[in-house]
Amino acid sequence: SEEFAKGGAGGLELAEDVLGILVKRPVRFTYPDGAPVADKVRAVCKNIYGAADVAFSAAAKKQLAESVRMYLGLKRYLEENGYAGYTVHFEEFGADGRF
């Protein structure tokens, strides 16, 4: 892609290639958008990483519940200010905090 050098016109070929792929193979999400967060985590672990299942420790369940409360507060704020439809986004960090 020559988008950096040529701006939008430089990215046109890449955009057309991506659209061609999406027409042939539409996007399939790993989990339904309305699924509970624990089910979303389980689906990512099983379908992306090949895990047999996921077991949440008591500490993980507590942390997950707090994350859901924070997310719902953010979602409510966004909806009240004209933004809606945001989904859960996973960030993957290793034990050292790096990708």
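Helices here are DSSP runs of H or I with at least four residues, numbered from the N terminus. Colleagues, the model before you is predicted, so local features need pLDDT of at least 70 and side-chain atom pairs count only at pLDDT 80 or more, while totals for chains, interfaces and linings use all residues. Residues are numbered from 1 along each chain as its sequence is written, and side-chain values use heavy atoms, with hydrogens and water left out.

I begin with Phe29, which is found in the loop between helix H2 (12–24) and helix H3 (37–47). Phe29 counts as exposed because its relative accessibility is 73%; exposed means over 50%, buried under 20%, and partly exposed in between, with a 1.4 Å probe and protein chains only.

I turn now to the salt bridges, each defined as a side-chain nitrogen of Lys or Arg within 4 Å of a carboxyl oxygen of Asp or Glu. A search of the whole structure finds three. Arg42 pairs with Asp39, the closest N and O atoms being 3.5 Å apart, and both residues lie in helix H3, three residues apart. Asp53 also bridges to Arg42, at 3.2 Å between the closest N and O atoms. Because Asp53 lies in the loop between H3 and H4 and Arg42 in helix H3, this pair ties together parts eleven residues apart in sequence.

Arg69 is exposed because its relative accessibility is 52%, whereas Glu66, at 37%, is partly exposed. Returning to the shared partners, Asp39, Arg42 and Asp53 are joined into one network.

Technical notes: Helices (H or I, at least four residues) and strands (E, at least two) are DSSP runs, numbered from the N terminus.
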